[in-house]
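Here is a short briefing on one chain.

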Amino acid sequence: MKAIHHLHATHLHHLSHQLHNNRLPMVYAYKDVSIETQIKTSKKSNRLGETLSNLLNIQKPYQKINNPSTYSNWNTLNIEDKANTPTMSPKEDISDRWRDIHGVQEWEGLLDPLHPLLRREIVKYGEFAQATYDALDFDAFSEYCGSCMYNSHKLFDKLGLSKSGYKVTKYIYAMSHIDMPQWLEKSRLTYTWSKDSNWIGFVAVSDDEESRRIGRRDIVVAWRGTVTPSEWYENMQRKLEPIGHVDSKVEHGFLSIYTSKSDLTRYNKSSASEQVMKELKILVDYYKSKGEEVSLTITGHSLGGALALLNAYESAAKFPRLPISVISFAAPRVGNIAFRDEIYQMGIKILRVTVKQDLVPRMPGIVFNESLQKFDDFTGTLEWIYTHVGAELKLDVRSSPYLKRGFNFIGFHMLETYLHLVDGFVSTSSTFRSNAKRDVALVNKECDMLVDELRIPTCWYQLANKGLECNSYGRWVRPKRDPEDIPSPTREDYSYGLQEISYEF
C-alpha cells in the first residue's frame, strides 16, 4: 500500500447521504482535493444536487445485494478462483495492427464489440493516468504536499508498473494564475517544497522490447486530474478563451493550468506546456534520428483528459506528421466547435472513455452543447457553445455484477471504476465478461463501489499507520523522505540509453 487517502469511509458515507437527500457538499475530493472538516451546504448546492439527481433520474438509494442469490449468475463469477490467477493475460504482438489500435480509422469497428487488443491498450494507458494519483503526496502535514512521492527512476516500480515496458523520462509541474478552488494541493506547514506548483504528470517512452511488440517507439504523456467543487464546473460554462487560429476557443481554467508560469517559482519558471513540449522535442528528434517510427499517446482522467487534449493540439502543430492519439477517461468538454474542427483537421485521433452515470463528461455545457448543432440552419454556427471531440466508448455501471447500484457521485467518476468497466466490457448487447483479468479489489481503493459480498474494505489504499513510523525510542514520528525522492528543480543525468540527454525528477 503506497498512498494514503484522506477521505475516510465515514466521509464518503456522509457525502452519499447528503447526495441522496439532494444536498451536494460544497467540496468533494479525489486524492488532490482536501475535504473541509466542516462541510457547508448552500441553496445553490441544493439546487445543483436536485438538478444532478433529475438528470440521472435517480430515485432510489443504494440497492445492496444482501444475498448472493439475488444475482442469478453469482456462482459463475468464480470469485475465489480468480484470487489465484494473474491479473493480466500475456501481451500479444500488435506490431502489424498498431495504426488501427492507435485510431487511424477513428476506431471504426473496434469499439462495439470492443476488440481485445484495443481493450488491453486502453487499460495500459489508463494505468499510467492512475499512477499520477497513486504517487501524489496529498498529506497537508507533509512539507512535500503536492509533489510526487517517488523520483522518476522508482515511480513504476513502486506502483507495480515495472512490467509496463515504459520508462519515465520527465516529470511535469503546473500552477495557475487564476482562482482554482482547492485544485492546488497545499501544505499546512510554513516551510514547503513549493507554495505555487503541483506535480501534474509525466512523460514516458517505450523500451526496446515493448517497442517491438507495439510496432513503434511510443512516447506517452500522462496528466493528473481532479474532482473539484461543483461551483468550479458551473463557472466554466461562461469563460471560453481564444486559442490557436480563427475562432477556436477553450475553457480558460484548463488553459491557465496548462500555460501558467512565473519567474518567482522554483518549478514553474516554465509552464507545463513548455516543459512537456521541450521533452517531446528531445525524444521525437532523438528517435527519429535513429530511423525509428514514433508515435505520441496522451492520456489523462477528468481534468487530466482536458489537459491531454490541449497537449495534443499543441503537439500536432509542432510535429505535423507525427501520429498523435488521445485516450482520455471521464474528460469534460474543452472547447468550442471551431476548436473541435481544428483538432480534426490536424489529424489528431481521440478516444473518450465515459461512464453513463458520471456527470463530469457532461460538463461544461450541460445544457448548451454540441446537441444544438441541429439548429444551425436557423441560428448559424454557435461559437460560444462547448462540444466534445472524437470517438466515444460509453460504459455503464449497471453492466458489472460487482458494482453496487444506486447513486455514488464519487464512485462513478473514479478512474479505477472506469478501468474495471473497460476490462469487463464486450459489447452493448453482451454481459460483463466472466474472464476479465483485472483485480476487482482495485475499484474500492478510494470509494465504496463494490458489492458487500466481495468483502473488500472501502478506501483501503493507504500507507500503514497513515505514514507514521515507530522509532527506536517507541515514539511515533513522520519519517524523512529519502533524499533521492525529494523534488528538485535541477536537472539530473538519466541513463535510459540516451547518454547525451539529461532528465530531471
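**Briefing**

Gly291 follows helix H10 and has a positive phi, near 80°. The model is predicted.

**Helix H10**

- H10 spans residues 272-289, which makes 18 residues.
- From first C-alpha to last, H10 reaches 26 Å, close to the 26 Å expected at 1.5 Å a residue.
- The buried residues of H10 include Ala272, Ser273, Gln275, Val276, Met277 and Glu279.
- Further along H10, Leu280, Leu283, Val284, Tyr286 and Tyr287 are buried as well.
- An α-helix has 3.6 residues a turn, so residues three or four places apart point the same way.

- Strand S7 covers residues 324-329, and six of its six residues are buried, so the strand is largely enclosed by the rest of the structure.
- "Buried" here means under 20% relative accessible area.
- Both faces of S7 are covered. Ile324, Val326 and Ser328 are buried on one side, and Ser325, Ile327 and Phe329 are buried on the other.
- S7 pairs with strand S6 (residues 294-301) in the parallel sense, over six bridges.
- In S7, Ser328 has Gly300 standing opposite.
- Between S6 and S7 the chain passes through helix H11 (residues 303-318), and this β-α-β crossover is right-handed.
- S7 also pairs with strand S9 (residues 349-355), in the parallel sense, over five bridges.
- Arg352 in S9 stands opposite Ser328.

**Nonpolar cores**

- The largest nonpolar core has 73 residues.
- Ile122, Phe128, Leu155, Phe156, Phe202 and Leu393 have the most contacts inside this core.
- Helix H5 (residues 116-134) gives the core its largest share, nine residues.
- Leaving aside residues up to four places away in sequence, Leu155 touches Ala135, Cys148, Tyr150, Val168, Tyr171 and Phe202.
- A second, separate core has 44 residues, among them Ala174, Ile200, Leu309 and Leu322.
- In soluble globular proteins, nonpolar side chains tend to be buried together.

**Cis peptide bonds**

- The bond from Asp112 to Pro113 is cis, with omega near 5°.
- Pro113 sits in the loop between helix H4 (98-101) and H5.
- Met363 and Pro364 are also joined by a cis peptide bond, with omega about -20°.
- Pro364 is in the loop between S9 and helix H13 (376-379).

- Ser302 is not a glycine, yet its phi is positive, about 60°.
- The loop between S6 and H11 holds Ser302.
- Is Ser302 buried or exposed? Ser302 counts as buried because its relative accessibility is 0%.
- Lys466 is not a glycine either, and its phi is positive at about 55°.
- Lys466 belongs to the loop between helix H15 (415-424) and strand S12 (469-470).
- Lys466 has 40% relative accessibility, so it counts as partly exposed.

How values were computed: Residues numbered from 1 in each chain as written. Predicted model: local features only at pLDDT ≥ 70, side-chain atom pairs only at ≥ 80, totals over all residues. Heavy atoms only, no water. Buried < 20%, exposed > 50% of the residue type's maximum accessible area, 1.4 Å probe, protein only. Helix = DSSP H or I, 4+ residues; strand = E, 2+ residues; numbered from the N terminus. Pairing = 2+ DSSP bridges. Right-handed = clockwise from strand over helix to strand, strands pointing away. Core = buried A, V, L, I, M, F, W, Y, C linked by side-chain atoms within 4.5 Å. Contact = heavy atoms within 4.5 Å. Expected span 1.5 Å × (residues − 1).
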